[in-house]
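Please read them with the structure open.

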Amino acid sequence: MSLFKARDWWSTILGEKEEFDQGCLCVADVDNSGSGQDKVIVGSYNGYLRIFNPHPVKPGDEVQPEDLLLEVQLREPILQLEVGKFVSGTEGLHLAVLHCRKLCVYAVSGTQGNVEHGNQYQIKLMYEHNLQRTACNMTYGPFGGVKGRDLICIQSMDGMLMLFEQESYAFGRFLPGFLLPGPLAYSSRTDSFITVSSCQQVESYKYQVLAFATDADERQDTEERKLSSGKRLAVDWVLNIGEQARDICVVSFNQGVSSVFVLGERNFFCLKDNGQIRFMKKLDYSPSCFIPYCSVQEGTINTLIANHSKMLNVYQDVTLKWATQLPCIPVSVKVANFQDLKGVIVTLSDDGHLQCSYLGTDPSLFQAPKVDSREINYEEMNAEMKELQKIIREATKTQDILPESEKQRDVIVTAKVSPDLDEESQAIDSEVKAGPVPSVTVKITIQSRVTAQKPNLAVCVQAPLAVTCDQFVFDDLEPDSSETVVLSVFLKENCSPSELEGTCMVSYNIPTGIPRVSQCTFSLPLKLVCFPAQPSKAANHKLTIDTNKPPISFVTIFPDFADPSEGDQANALGFQFLTGSKTTLLASKTSQRYRIQSDHLEDLWLVTKELIHRLEEHFKKQNCKDFACTFSGSIPLQEYFELIDQHFEV
């Protein structure tokens, strides 16, 4: 454990139950302010894009509303963020956002605010590319030695490098001997792409070789083979490091020699641009992320390496210069410049702890308080105690019914799902091949306690579910007024959903011009995607759930699926999904077990989740606090991987 802790300059917690990873953090002057002051750009796997401009009055202050310049939901998971010269005709910086199947490039700009809360920021989509393959990561740079603009290279999950010349798609090449994607970086000095393959080798590919190479699989016949002038893709150099890599970074400081840094699972490598090792450092911990950030002495490079023990180590080449403790395990670390403070360390954890810190020398040591040797005045103490008790009594009398968080909420949005399916289905353009596709009504109410300007309501459900209308625009809401909308949810695509939940989000401005967001979630009934059927005795896939309580009759916990005439004897249920498959739920008569079985592995999840949820709700009503569900079987990884293979083959 380090004697010193990282000094908290500014920090915040992003969202609620959002996930982040290595590519989700970027620092740059993305709005082209010209001040040289970086902005912190963060994207999440939940699709939220946020841009911060930290400026605390004093170190450790709470986050101010004006620190958040922009927050938008892009509806698709954000895999990576980069800032560069991505738009033709201008050398201004733009933001590239990589989704699973899409690359979007945005312009970030601010307009002068007319209130004391500062400027208003917005993003504008400049162009986008729909990807034919699922993306993993990307890199950018002046490929081929172009001047004044950056090109983008995306690595797909199946090993294809897709190159984009700004608004145009250039070409794609498959990496030879590919199995799993690794980190990817670009070296402008050698005009090469550097990655680490599944063979645990650092590999370098020249851009010119990629441009002129042709995959042999693309040549369909002998005639094409004769006409083709392409070559097989050849590697420029290879270095075996004997372990998988977490990240790659190519740097060149003070016009010095270009260096390729590779962070492995237990080692840290620095390579020359021809693949030769400059130095390596064996680490006695498991690293999580790193960044080479400067050269303070000619011929050396300083690097920050974070690990899973919440430590941040500062190295000068292989020499440890400083170690400091962080409040969380970072998955990404950057160095940024803010206001008059240069070299701020920006870290992001996988659960959204974003912190800007600096290295200090105040030791974190416990110091015993000084002993107060004066005599105790009991009369003064009794008088002070009576005064405090009086204050407590007054506060208890006047306390509000609502908690503080509820009182401060200007706009409240609630969603109520109808307990019954719609008598007349509202499904639109459903691809489900079964009979009539059911729908369920959701009633959404917006209650405003203040004047809410330009309120917009967005309703999101996860595909393959869909809503009859997902966007609503209202007139300004007056204080103590409300608006209600009604919509229906239905199964649109011919496959089972992974969850039966939805989100309602209202965005609006308060009279001072500050944007606000309020949201809520709602749960959809299981009968929206399946209906009762005869149980099946045999199935290819089975899952057994153990509990610590006697089995409950299905008439009690599944009244919407069980036959009431069976009473306590109902120990088998059949669920017929609209997609055509069937799942059976069985309750043991002699043990405290439930079995879920189906011919398709993917159909086990929804019924399993619903069973556990209903059991927990049942025992909660019985005031039983020790109910627990466990699974002691083997995880069906082989079947799971086969499903993934089938998905990508399709």
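1. Phe174 sits in strand E13, which covers residues 168–174. The model is a predicted one. With a relative accessible area of 27%, Phe174 is partly exposed, because that value falls between the 20% limit for buried and the 50% limit for exposed. Phe174 and Pro515 are 341 residues apart in sequence, and their C-alpha atoms are 45 Å apart in space.

2. On the overall make-up: the protein chain has seven helices and 42 strands. Its C-alpha trace spans about 95 × 80 × 55 Å along the principal axes. Of the 650 residues in the protein chain, 44% are buried.

3. One annotation should be kept in view. The UniProt record, an unreviewed entry, gives "domain: PTHB1 GAE" for residues 437–522. What is the chain like over residues 437–522 in terms of helix and strand? Over that range the chain is 0% helix and 62% strand, and the end C-alpha atoms are 21 Å apart.

4. A cis peptide bond needs a look. Most peptide bonds are trans. The bond that joins Ala463 and Pro464 is cis, with omega at about 15 degrees. Pro464 belongs to the loop between strand E31 (453–461) and strand E32 (465–467).

5. Two backbone angles also deserve a check. Most residues other than glycine have a negative phi. Asp317 is not a glycine, yet its phi is positive, about 55 degrees. Asp317 is placed in the loop between strand E24 (311–316) and strand E25 (319–325). Asp480, also not a glycine, has a positive phi of about 60 degrees. The loop that holds Asp480 runs between strand E33 (471–473) and strand E34 (481–491).

6. Is each of these two aspartates buried or exposed? Asp317 has 15% relative accessibility and therefore counts as buried, the limit being under 20%. Asp480 has a relative accessible area of 71%, so it is exposed, the limit there being over 50%.

7. The count of salt bridges comes to 14. One of them is between the side chains of Glu71 and Arg50, at 3.2 Å from N to O. This pair links distant parts of the chain: Glu71 is in strand E5 (residues 68–73) and Arg50 in strand E4 (residues 48–52), 21 residues apart. Glu71 is partly exposed, with a relative accessible area of 36%. Arg50, at 5% relative accessibility, counts as buried. Glu71 and Arg50 also belong to a network of salt bridges that includes Glu18.

8. A second salt bridge joins Arg133 and Asp158, whose closest N and O atoms are 2.7 Å apart. Here too the pair links distant parts of the chain, 25 residues apart. Arg133 is in the loop between strand E9 (120–130) and strand E10 (135–141), and Asp158 is in the loop between strand E11 (151–156) and strand E12 (160–165). Arg133 is partly exposed at a relative accessible area of 28%, and Asp158 is partly exposed at 36%.

9. How many residues apart are Glu610 and Arg614 in helix H6? They are four residues apart in this helix (residues 604–621), so about one helical turn separates them.

10. Two surface patches remain. Negative charge gathers in a surface patch made up of Glu19, Asp21, Asp350 and Asp351. Asp351 is found in the loop between strand E27 (341–349) and strand E28 (353–358). The other patch is nonpolar: Phe631, Ile635, Leu637, Tyr640 and Phe641 together have about 520 Å² of accessible area.

11. Leu637 has a relative accessible area of 42% and is partly exposed. A residue needs over 30% relative accessible area to be part of a patch, so Leu637 passes that limit at 42%.

Notes: Residues numbered from 1 in each chain as written. Predicted model: local features only at pLDDT ≥ 70, side-chain atom pairs only at ≥ 80, totals over all residues. Heavy atoms only, no water. UniProt positions renumbered as here; feature names shortened; annotations may be inferred. Patch = residues over 30% accessible without salt bridge, like charges linked within 9 Å, V, L, I, M, F, W, Y side chains within 5 Å. Areas by Shrake-Rupley, 256 points an atom, 1.4 Å probe, with all protein chains shown as cover. Salt bridge = Lys/Arg side-chain N within 4 Å of Asp/Glu carboxyl O. Lys, Arg positive; Asp, Glu negative; His and termini not counted. Charge placed at Lys NZ, Arg CZ, Asp CG, Glu CD. Buried < 20%, exposed > 50% of the residue type's maximum accessible area, 1.4 Å probe, protein only.
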